[in-house]
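Q: I have a model open and want to go through it bit by bit. Can we start with a term and then look at some residues?

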Amino acid sequence: MTTAFDPIDLAGLRLANRIAMAPMTRSRAYGPGATPTPSTALYYAQRASAGLIITEAMQQSVGGQGYPDTPGLHSAEQVAAWRPVTDAVHEKGGVIFAQLVHGGRIGHPSLLPDGLVPVAPSAVAPAGKVFTGTGMEDYVTPVELTEEGIAQTIADFATAARNAVEAGFDGVELHGANGYLIHQFLSTNANLRTDRWGGSVENRIRYAVEVVRAVADAVGGHRVGLRISPGVTYNDIAEDNPWETYRALVDVLNPLGLAYLHINEGPDRELTLELRKQWSSAFILNPFTPEGSTNIEHLALIEDGAADLISFGALFLANPDLPARLAAGGPFNTPDRATYYGGDDRGYIDYPTLSA
């Protein structure tokens, strides 16, 4: 029986175990030009015993930023600043992928320079408010992307992927989940287009497919993963037909030889299992956990074949040596929610290990 503690080959990379660190925004890119700091390098190095680390989301362009103090991977300065992070993880024997995102309509003009405003498939503002440097603000109505704008965002993803490889990352994960730009194109309430980028399932999956293809062409499919969240309504997303949409998406992407598909699961486990059957390479699952967060009981999903790897969020945030703790059956540090976003090193690099 395969267990979470068995190694696995991920598109030519040997992972020590099947426990992944899920991408988690921490809003601590306090360096110049939205760059990581020495604390960032320590934070990820502390967690290098993960089979795979997937970083916090990094905006792939200056216009893709959705929250304050999030890092980018679109400038030479950022590439240079991420190199100590990847070096620190590799020195500990870890494997690290950079998650790339464009926030789309999730953002605010106050977070963007030079008069830029949020863009999206359609000029439809999401319900709710966004956190900015001056507090909570209403979302604005985004500008609908033109054909040229769409092409530019796709090119920016490819450029950011090349930057990731230059910065020493083992690969990239494209954030196609949780209501950000790629997911907005997949949805039926954020994407109201009637051209080749909207309407039918074939048209709504086109943007995700073109981004993946461009990035795979830039750095190789074996260095590319995609995160999706079928049926997840976060950031005011609606999907009228997730079974049809995501089965079609997986069918088109399967031949591209990607490293993995990462599911941020919604309430429909049957759809997860259907996509698992369809997908031909590694399958990472961040399970649906309405009761809390991913925990030790979810390792059984590897044993029963539902996934190849399980990604842990809050539990990995609070337990830098999580694989060892899972193997021992605990105990586990309790995450401090008050320090999730922003702040200093408290709740960031000061969680104790079992050995401490």
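A: Buried means under 20% relative accessible area, exposed over 50%, and partly exposed in between, with a 1.4 Å probe and protein chains only. Trp 197 has 3% relative accessibility, so Trp 197 counts as buried.

Q: What kind of model is this, and how are residues numbered?
A: This is a predicted model, where local features need pLDDT of at least 70, side-chain atom pairs count only at pLDDT 80 or more, and totals for chains, interfaces and linings use all residues. Residues are numbered from 1 along each chain as its sequence is written, and side-chain values use heavy atoms, with hydrogens and water left out.

Q: Back to Trp 197. Why is its pair with Phe 185 edge-to-face?
A: Rings of Phe, Tyr and Trp (its six-membered ring) pair if their centres lie within 6.5 Å; planes under 30 degrees apart are stacked, over 60 edge-to-face, the rest tilted. The ring centres of Phe 185 and Trp 197 are 6.4 Å apart and the planes are at 70°, so this pair is edge-to-face.

Q: Where do the two sit in the chain?
A: Phe 185 is in helix α4, and Trp 197 is in the loop between α4 and α5 (201-204), 12 residues apart. Helices (H or I, at least four residues) and strands (E, at least two) are DSSP runs, numbered from the N terminus.

Q: Is Phe 185 buried or exposed?
A: Buried, because its relative accessibility is 0%.

Q: Which residues does Tyr 207 touch?
A: Phe 185 and Trp 197 are among them, and so are Ile 150, Leu 181 and Ile 182. That leaves out residues up to four places away in sequence, and contact means heavy atoms within 4.5 Å.

Q: Which residues touch the most other members of the largest nonpolar core?
A: Leu 174, Tyr 207 and Leu 249, out of 81 residues in that core. Helix α6 (residues 206-219) gives the largest share, 8 residues. A nonpolar core is a set of buried Ala, Val, Leu, Ile, Met, Phe, Trp, Tyr and Cys residues joined through side-chain atoms within 4.5 Å.

Q: New topic. Where is Ile 296?
A: Ile 296 is in the loop between β13 (282-286) and α9 (300-303). It is partly exposed, with a relative accessible area of 34%.

Q: What does Ile 296 contact?
A: Leaving aside neighbours within four places in sequence, Ile 296 is in contact with Phe 312, Leu 326, Gly 329 and Phe 332. Ile 296 and Ala 327 are 31 residues apart in sequence and 9.1 Å apart in space, C-alpha to C-alpha.
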